[in-house]
Amino acid sequence: MTSSPGPRAAIDIEALVAAMRPRLHRYCARMVGSVIDGEDVLQDALIKAVAGFASAVPIDHPEAWLFRIAHNTALDFLRRRNRQQAMQSAEEVEMIADQLDDVERRQIAASSLRTFMRLPVAQRSCVILMDVLGCSLQEVCGIVDFSLPAVKAALHRGRTQLREFAGEPDDAPQPGLSAADRVRLHAYVDSFNARDFDAIRAMIADDIRLELVNRKRMNGKAEVSRYFGNYSAASDWRLVAGQVEGRPAILVFDPSQPDAPKSFILIEWAVDRVAAIRDFRYAPYAVEGAEWTVDAATNSVSSRPPSRDS
């Protein structure tokens, strides 16, 4: 991680947030075990950062400052979710952190979000910061507020656990879409791919909510209808029904790069109407590391790229 020392007046907080957003999401998603929940944590963290920027103490290292806010926000999220205690007690054990070669570092970085969630929080945060995001030991200490011996201990134990997890058989596959979700999702996707946006508009509720992640929010049928017009003017997409992290989702593929989705869309239904849309088109970082599958009922060979579990 590079540092950008300097007075607060010299820091463009909006530009800094925009530049750091993908890396901050990568950290948040791995801390909470979900690219979707990770975006929620990231948004909360950025609201806190922007709101607190003017009154913050002198910020010598703004990137580390943002990571510290994201770290604490992720811990708050974990506490609220009651999955486990937010942080193990830091053990003051002097231990040399393993020196990893490039292959081992890549293997750790490629571990699935579910695998990272199996680590205690202290080990998880230290391994993500150092082995996934490339922070130094000193930077990790500052972000998680641990002593150097405690960070070294957490790194050693976390890496050891990940090596053990790597030798275990894969988890059972996620269940597929329910019959109701399959019918609704395919009707939406088929109309969208046919560019029949009148049919799509007929599916949405009058009080529909839309979040175009990292861009804007819209409310109501009249306002959200403009969103479909923007898609009609673009040609860099093809939608496929599927799942993201076991949730019904629409996978968005670039027709010129069909091997993996470039983003995804979540749909909420109220009976037979679309009540909410969450579109990650402008947050492509969110699909990185996500577990996604194409629905088995998708019958067009051109729109059936291989499924992937990260």
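Buried means under 20% relative accessible area. Keep that cut-off in mind on this tour of a predicted model.

**Stop 1: Trp-237.** Select Trp-237. Is Trp-237 buried or exposed? Its relative accessibility is 6%, so Trp-237 counts as buried.

Stop 2: Tyr-188, Phe-192, Phe-197, Tyr-227, Phe-228, Tyr-231 and Trp-237 make up one aromatic cluster. How many aromatic pairs does the structure hold? There are 13.

**Stop 3: Phe-192 and Phe-228.** Show these two side chains. Their ring centres are 6.1 Å apart and their planes meet at 65 degrees, so this pair is edge-to-face. Next, colour the helices. Phe-192 belongs to helix α9, residues 179-193, and Phe-228 to helix α11, residues 221-232. The two residues are 36 residues apart, and their pair links distant parts of the chain. Phe-192 is buried, at a relative accessible area of 0%. Phe-228 is buried as well, with 0% relative accessibility.

Stop 4: Tyr-231 has 3% relative accessibility, so Tyr-231 counts as buried.

**Stop 5: arginines over rings.** Keep Tyr-231 on screen. Which residue lies over the face of Tyr-231? Select Arg-281: it is 5.3 Å from the ring centre. Finally, go to Phe-165. Arg-118 lies over the face of that ring, 3.9 Å from its centre.

Technical notes. Residues are numbered from 1 along each chain as its sequence is written. This is a predicted model: local features need pLDDT of at least 70, side-chain atom pairs count only at pLDDT 80 or more; totals for chains, interfaces and linings use all residues. Side-chain values use heavy atoms; hydrogens and water are left out. Rings of Phe, Tyr and Trp (its six-membered ring) pair if their centres lie within 6.5 Å; planes under 30 degrees apart count as stacked, over 60 as edge-to-face and the rest as tilted. Helices (H or I, at least four residues) and strands (E, at least two) are DSSP runs, numbered from the N terminus. Buried means under 20% relative accessible area, exposed over 50%, partly exposed in between (1.4 Å probe, protein chains only). A charge sits over a ring if NZ of Lys or CZ of Arg is within 6 Å of the ring centre and within 35 degrees of the ring normal.
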